[in-house]
Amino acid sequence: MMFNSINFIIFFVATFCLFYATPIKYRWLVLLLASSIFYASLVPYYLLLVYGVILTSYLVGLVMDRQAGVKRKIMLWLGITGAAAPLLFYKYLNFFQDNINTLANALHWNYSGAMLHFILPIGLSFYTFQAISYLVEIYWGKQKPERHLGIYSLFILFFPQILAGPIARPQSLLPQLNSGHAFNGDEISNGLKLMLWGFFKKLVIADRLSIAVNHVYGATADASGVTLLISTVLFAFQIYCDFSGYSDIAIGAAQVFGFKLMHNFNRPYFSKSIAEFWNRWHISLSSWMRDYIYIPLGGSRVSKWKWARNILITFLVSGFWHGANWTFIFWGLLNGSYIVISRYTEKPRKFIVNLIHLDKHSQIHKLLRISFTFSLITITWIFFRAASLHEALYILQKIAIDVPLHLLNIHLPHLDDYRLLASQLGMGIYNLTIAIGSIAVMEFVHLLERNRPMSDTLRNKPLWIRWSFYYAIILAIALFGAYHGQAEFIYFKF
Amino acid sequence: MRNFAVKTLLFCSPLLVLALLFNFILDGYFGNPLNWRPFEKMEWILTVKNQNFDYAFIGSSRVKYMVDTPMIDRSLHVKSINLGTDGSGFADNYLLYSSFLANGNKVKTLIINVDPYVLDSKHSFGYPFHDFFFLPRLHDENVSQTVKNISGIKKWLTWKYVPLAKYLEFNEKFILSFVHNLKDQDPQRVIERYENNAGADFITNVLNEPFPDRDKDSFVFDDTDAEYLLKIVTLARGSGSNVLLYAAPEYQGIEKFQTGRSESEARAKKFAGENGLTFLDIADKDIEQDSTFFRDWLHLNATGTRIFSQKIIDALK
């Protein structure tokens, strides 16, 4: 069942009632059963796969803790291989097979490996990384193995986060699962408010923008460069609202049951550099990559060239984690390249800023940096969204040719232009207006959240202001949510 | 816990009251077909009241655009009506026809288009049952049962018992309808157009051959479609009407895009035999072989419709 479904609401309310009606000692069991039902509702037999990963990492964790030296290392690699085997099989086997076939064809070899057909288990990349994180932390001695199989199973299966994270760390989630949670009205209320905000982002913005993005990216050959550019910008907001909306629902749902999950987004489109963007976007994955790949490779405490290599490897893995497609690999490498280039160009950029006295106008400088970072990130989204590298390059080329020509003919905007644009985006004036309006509302809230979260700001306001705000969000979801043709969360396919 | 429960109750109570109130208002507002925008054929059918017809033709767009009812009226000196609507399956037709009869209309002979498309509406039409159009009348037992059967019990329960849920799921249609209604045209123009044409619509533009290849159709004889066809027949017979079936023409060679066609047609013939129904013999190779009579593989243009309607007239004489 998806978060944006009636089934989930029924399931959530039932689990909530059962959870708090059960003595604290047995509440983990309620959550484990609920989580198993939740996951099995997608593709029942894939639950066996999750339990396979759970058992492997659980047993290896216990054994590894008693080992030292080489044996400990061998256990770690056995555990990682065992936990990652389903991921390699389901997500990457076809990719390698396909590329071997292409290579064989190019070299005129008589080889054609069969492609396998199956549905990718939802959340596989997420729970595999969570299990690997658990094993590595035990190996490093930073985490004691969890002896309670039920609690460990819940650590992997916990329903708010199994489908698309946030990828929890054992040090953070396991102690919470082991301790009892008394009923806390304020926490529950805060969790529900966060879920509400997540539903707003998903149902009102992301699902509406998906109409335009699917329309344009579904037939790129028919779209003009300007339409492609606008739909790519809309995709930037769609993917943000889709994934951060999901994360808000997940974090909020966990909070309702008394658990704190890691925050996954921190107003990423207000970043002033690509490095900052990656500290604010999909934080649980970025920090996972940092802790388990970038730092073990040497991090930044190495020569400049090795640092560049470490960055590129980390982003390459991140890209490949997102999907078994060259588009994602290129997307990862492009992001890594941005960071490398930005470091190598730090001095000349500072020189230019000083030369044109931008340093004396900090607000303008900040705005320019935010805009430039957003533009660079938007370019990477083309590779993320396109069906193939070939298509992504075609889109880039089309934008590069058409947009300057369009800028030469620019005139004062007219309602007919707006109507034409809405029609080219395949969404009509109604949908486009709601999409733009709701993005404006969200960014306004983000601006207000500069210093502290909206929930904290609202907490000090009179009751009528707080309730009016929540009623307004509920009304907006009710009136402007895109319910028809329930859309899946984008990150579920990773 | 008690504090939380009281707060939740206080927060939700106004929402529930407002939802119930709006649900009531919107049911009344959209229960009136004159308030729908765009005001089109389905809406118009519900505004026809207390009339007697010799013939009524019902089905999908292959009826709406392909039966020239004014021509039939002139030739046979009768009064007929075209009840065909775009992309509709038999469940749509059934609810429309039952409302049509409930509005005091009487029909001597109901003529239904039956072909593999309407007997496999789930695959043939993008949205074969226009549930959203009937939702404001969910209190009607007939509508309620049909929605339950076609849209499924889960949706039916939600739409029926969760206040405003039905308006939320289709909020775009209802909001746009409301907004357009505030600024928009009087439906009178559409009413007059359909009244003058006895419900018929004609396709004037003509595409040149070759028609683009179609996606593969793999027909199955859908029992739910057959069930609703039988419901229409029973309803019509119960109101004293005679019932005839016919199959509208298609452009030759469409079979190459289809599988399961002959099985579906055989099942339809068997179904007709079992229920004492007869197919009008109006198949015409001359029409089916001439692309200038067609707008696409499945729809006749105005010229083709005139020729085909003459075949209907000849069969009804």
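1. Strands S1 (residues 52–58) and S3 (residues 106–113) of chain B run parallel and are joined by six bridges. Strands here are DSSP runs of E with at least two residues, helices are DSSP runs of H or I with at least four residues, and both are numbered from the N terminus. Two strands count as paired if DSSP finds at least two bridges between them. Within this pairing, Ile58(B) has Ile112(B) in S3(B) as its bridge partner. The model is predicted: local features need pLDDT of at least 70 and side-chain atom pairs count only at pLDDT 80 or more, while totals for chains, interfaces and linings use all residues. Residues are numbered from 1 along each chain as its sequence is written, and chains are lettered from A and ligands numbered from 1 in the order in which they are written.

2. S3(B) also pairs with strand S5 (residues 242–246) of chain B, in the parallel sense and over five bridges. Ile112(B) has Leu245(B) as its bridge partner in S5(B), and Asn113(B) stands opposite Tyr246(B) in S5(B). These strands belong to an open sheet of five strands in chain B, with the order S2-S1-S3-S5-S7 and parallel pairing. At the edges are strand S2 (80–82) and strand S7 (278–279) of chain B, each of which pairs on one side only.

3. Chain B as a whole has 16 helices and seven strands. Its C-alpha trace spans about 80 × 40 × 40 Å along the principal axes.

4. How much of chain B is buried? Buried residues make up 36% of its 317 residues. A residue is buried if 20 or more other C-beta atoms lie within 10 Å of its own, exposed if 12 or fewer do, and partly exposed in between, with C-beta atoms placed from the backbone. Two residues are in contact if their C-beta atoms, placed from the backbone, lie within 7 Å. Among contacts in chain B between residues at least 6 apart in sequence, 79% join residues at least 24 apart.

5. Helix H14 (residues 261–274) of chain B has 14 residues and, at 1.5 Å a residue, should span 20 Å; its end C-alpha atoms are 20 Å apart, which agrees. The expected span is 1.5 Å times one less than the number of residues. After H14(B) comes Gly276(B), with a positive phi near 65 degrees.

6. Between the chains, 15 residues of chain B are in contact with 13 residues of chain A. Helices H1 (2–31), H9 (153–161), H10 (165–169) and H11 (171–183) of chain B each supply at least two residues of the side that touches chain A. That side of chain B divides into nine nonpolar, three polar and three charged residues. Ala, Val, Leu, Ile, Met, Phe, Trp, Tyr, Cys and Pro count as nonpolar, Asp, Glu, Lys and Arg as charged, and the others, Gly among them, as polar.

7. Which residues of chain B are in contact with Leu479(A)? Leaving aside neighbours within four places in sequence, Leu479(A) is in contact with Asn171(B) and Ile175(B). Leu479(A) is found in helix H20 (residues 463–480) of chain A. It counts as partly exposed because it has 15 C-beta neighbours inside 10 Å.

8. Chain A is divided into domain 1 (6–98 + 119–183) and domain 2 (193–493), with bounds from an automatic or database domain assignment. The C-alpha centres of the two domains lie 29 Å apart. In chain A, 25 residues of domain 1 are in contact with 25 residues of domain 2. The side of domain 1 that touches domain 2 divides into 16 nonpolar, eight polar and one charged.

9. Some backbone angles deserve a check. Most residues other than glycine have a negative phi, and most peptide bonds are trans. His108(A), in the loop between H4 and H5 of chain A, has a positive phi of about 60 degrees. His108(A) is exposed, with 7 other C-beta atoms within 10 Å. Arg267(A) also has a positive phi, of about 40 degrees, and is partly exposed, with 16 other C-beta atoms within 10 Å. In chain B, the peptide bond from Arg37(B) to Pro38(B) is cis, with omega near 0 degrees.
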